[in-house]
Amino acid sequence: MILPAVLYVLALVGFPFCLSIYLALSDAKIASSTYAFVGLDNIRSALESPTFVKALGNTLIFTVVSQALVLVLGKILATCLAKPFFGKSIFRFLILLPWVAPISLGTIGWKWMLDSLYSPVNWVLQALHIIGKDTWPMWFGERNLAMASVIAVHVWRLLPFATVIILAGLTSIPREVNEAAEVDGAGFWSRELHIVLPLLRPILTVAGLFGIIFAFTDMTVIYVLTRGGPAQATQVLASLAFFTGILGGDLAGGAAISLFLFPVLVVVAVVMLQIARRTEVT
Amino acid sequence: MADSRTSHLTRRTFLKGTGVATAAAVSPTVIVRAARAKSDTLKIGQWTHFVPAFDEWFDKKYCPEWGAKNGVKVVVDHISVNDLRARAAAEVSAKKGHDLFGFLDPPPAYENVVLPMNDVVTECEKKYGKLAGLAQHATFNPKTKKYFAVSDNWVPDPLHYRKDVWGEVGMKPDTWEHVREGSRKIKEKTGMPAGFGISQELDTNMMLRALLWSYGAQEQDESSTKVMINSKATVEAIKLMTAIYKESMTAEVFTWDPSSNNRFFVSGKGHVIQNAISAIRTMEKQNPEAAKKAGLALPAAGPAKRMASEHLLHCYVVWQFAENPETAKKFVVDLIGSYNDAFLASEFYNFPSFSKSVSDLKGKLAADKVNPEEYAILGDFEKYSAYPGYPGHTTAAMDEVFNTFVVPDMFARVAKGEQSAEDSAKQAEADMKRIFAKWNK
């Protein structure tokens, strides 16, 4: 019964993973036909590179901040969508759009929205007098603004996914539990903190786990918006691995960089699955 | 070179046919491969040209006519500038793709998977004159004596400037010091910024190398083995660009992609950029009044010399796994032979890599219908232009240095105030040495 699943995991996860370990320990180049074993040379070379250290830090910031925002905003949005209101189905459809649209197309749209010359976002901010007439933020040109921009676009993309998962969790909470608490005089915040969030923890864990994996391994948003700039301020491990391995031709170097994603993801997965198991709702 | 029109049964085709028949009996895989080898389609993958008229000519006139003449269907896939390298890597990984693949910068890292183009270069030199020095150094590996690509064209990278605005401050961007001084004055007087990219993209890679060379700096030695980026000249060049950024530019230069500086200049926002002539050509079409005020200039001179980088060096490779390698090579030879038309179709963007493949180049430039005076200066550009890896050859190590943007990052760190020019040059040296060590094992 589980053979198809095992084959699927072996073919699409096991084989590429083993291949990347093999490449990382070799001197593989983009056009090499034979590879020699070089031990940990590529790992050592990556660790010696200041760009790698910067990319590692950026990856952590990008992942932690974007996931915190996704979970908080996803919970707020799901709470709103759980209530009955006029046009709810259309609203739900619109919220899902960023998730169903191809990521590269959506990101190119944001690239133009935040363009240095023709940004409609800046234009609107000026028209609303939120920024001065002589102020024109360079969203991808300043270190902090660039990181904030890539995080914001990533949150925009992942928010529907988290919202749908949390919404499913909210609807699975028995209505009687909330009603009983209400009868006992519990207010909104009290119910949220003592009933809803504890019951939602397993589902939030799942949303968080997926979100962290998406954020940690994604390079599309950064590649399209900033290509890691300015001055590597938004370079993350996934994009650095691409630049080194594919554009630079150093396959082994790129594979070594990408392997650094693995231990972090394993730890995150184990920790979150343990939390989920402990708080499982029966 | 084989003529794909040959229809007689030769000894070669007979042996090939019987061989294929025998092999087909043994393995179904061979049947597929044999069928591919008989394909009558030539597949070309190359960039989407910045001058749309060139693609119009290439796709709708040249390729169909050449295909009809040679009994081959020519299919052209256009790939965006930023995706060319990734597409090439995917084709090599799959060992399947186009017969002819056009790169915008030389790809020595792919030498092991491409056919030597020495025969094409020899034939073209015989027919169309000597291969330009910059194209030769960028596509030839002196160790293996192999041309891993053949360049049909290279693209000059002149300064574009607003003559009216520079006139107001009584200057011309003749040297890098003039560029700095003039830009500062213009910013003070009119608020208009200068536009030299300090970003992880192709145009920045080229422009900043030109600045380094004009200051006497170089990334490697002539033997292409020793890293030489950490020098006093490099530090001075970084300081100059940092000063231009602080005095006359905005943070947008850190965000640019290859088309951003074109938009910056064409929109009328900026007064100086270094770019291929696609910027001024676009301006002529979209903003003719502003185009009358725009001028082209030789590359700015530095303390050491006046130098530019080629803006692009277009070169074709034929993969070892190409289905129609001989037809692909013939196509390149014939295309180079048609460069009079290609040069005109590109509106002077594509400069010929073979000296005689365009007749009376200077005369054609001086006869431009819109702005002959400006385009005439391009006639001497070859003597100022170099290539990634100058004064050595473009090697695989240099290819990685180029495509991982070591030089733009070196400038960006200082302009952003993260490092001193000295420390940034040291870091670039360490980055380059690490890359060279990997490739030179």
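These are my notebook entries on two interfaces and two residues in a predicted model.

**Entry 1: the domains of chain B**

I began with how chain B is divided. Domain 1 covers 38-155 + 311-359, and domain 2 covers 159-309 + 381-439. I looked up the C-alpha centres of domain 1 and domain 2 of chain B, and they lie 27 Å apart. The contact takes 26 residues from domain 1 of chain B and 26 residues from domain 2 of chain B.

I then took the area. Domain 1 and domain 2 of chain B bury about 2,200 Å² between them, with 65% of that given by carbon and sulfur atoms. On the domain 1 side, I noted that His137(B), His311(B) and Glu347(B) supply 29% of the area buried against domain 2, more than any other three residues.

**Entry 2**

I counted 2 salt bridges between domain 1 and domain 2 of chain B. I looked at the pair Lys285(B) and Glu347(B), which forms a salt bridge with its closest N and O atoms 2.9 Å apart. Glu347(B) had already come up as one of the three residues that supply 29% of the area on the domain 1 side. For polar contacts across this domain interface, I found 6 residue pairs, both residues at pLDDT 80 or more.

Next I asked which elements make up the domain 1 side. Helix 6 (133-139) and strand 6 (150-155) of chain B each supply at least two residues to the side that touches domain 2. Helix 6 of chain B gives the most, with 5 residues. By class, I recorded 18 nonpolar, 5 polar and 3 charged residues on this side of domain 1.

**Entry 3: chain A against chain B**

I moved on to the interface between the chains. Here 39 residues of chain A are in contact with 36 residues of chain B. The two chains bury about 3,100 Å² between them, 55% of it on carbon and sulfur atoms. In chain A, the residues I found losing the most area to chain B are Ala31(A), Leu117(A) and Arg227(A), together 17% of what that side buries.

I found 6 salt bridges across the interface of chain A and chain B. I looked up the one between Lys54(A) and Glu418(B), where the closest N and O atoms are 3.1 Å apart.

Four helices of chain A each supply at least two residues to the side that touches chain B: helix 2 (41-48), helix 3 (50-82), helix 5 (103-113) and helix 11 (237-247). Helix 11 of chain A gives the most, with 5 residues. I divided the residues of this side of chain A into 16 nonpolar, 13 polar and 10 charged.

**Entry 4: Ser224(B)**

I placed Ser224(B) in the loop between helix 9 (202-214) and helix 10 (232-248) of chain B. Is Ser224(B) buried or exposed? Its relative accessible area is 8%, under the 20% limit, so I put Ser224(B) down as buried. Beyond residues up to four places away in sequence, Ser224(B) touches Gly392(B), His393(B), Thr395(B) and Phe436(B).

**Entry 5: Ala251(B)**

Ala251(B) lies in the loop between helix 10 and helix 11 (260-266) of chain B. I recorded Ala251(B) as buried because its relative accessible area is 6%, against a limit of 20%. Leaving aside neighbours within four places in sequence, I found Ala251(B) in contact with Met138(A), Gly141(A) and Glu142(A) of chain A, and with Tyr245(B). I also checked Ala251(B) against Lys416(B): they are 165 residues apart in sequence, and their C-alpha atoms are 9.0 Å apart in space.

Technical notes:
Residues are numbered from 1 along each chain as its sequence is written. Chains are lettered from A and ligands numbered from 1 in the order in which they are written. This is a predicted model: local features need pLDDT of at least 70, side-chain atom pairs count only at pLDDT 80 or more; totals for chains, interfaces and linings use all residues. Side-chain values use heavy atoms; hydrogens and water are left out. Domain bounds come from an automatic or database domain assignment. Contact means heavy atoms within 4.5 Å. Buried area is the accessible area (1.4 Å probe) that two parts lose on being put together, summed over both. A salt bridge is a side-chain nitrogen of Lys or Arg within 4 Å of a carboxyl oxygen of Asp or Glu. A polar contact is a pair of N or O atoms within 3.5 Å; within protein, one must be able to donate a hydrogen and the other to accept it, and residues adjacent in sequence count only if both atoms are side-chain atoms. Ala, Val, Leu, Ile, Met, Phe, Trp, Tyr, Cys and Pro count as nonpolar, Asp, Glu, Lys and Arg as charged, and the others, Gly among them, as polar. Buried means under 20% relative accessible area, exposed over 50%, partly exposed in between (1.4 Å probe, protein chains only).
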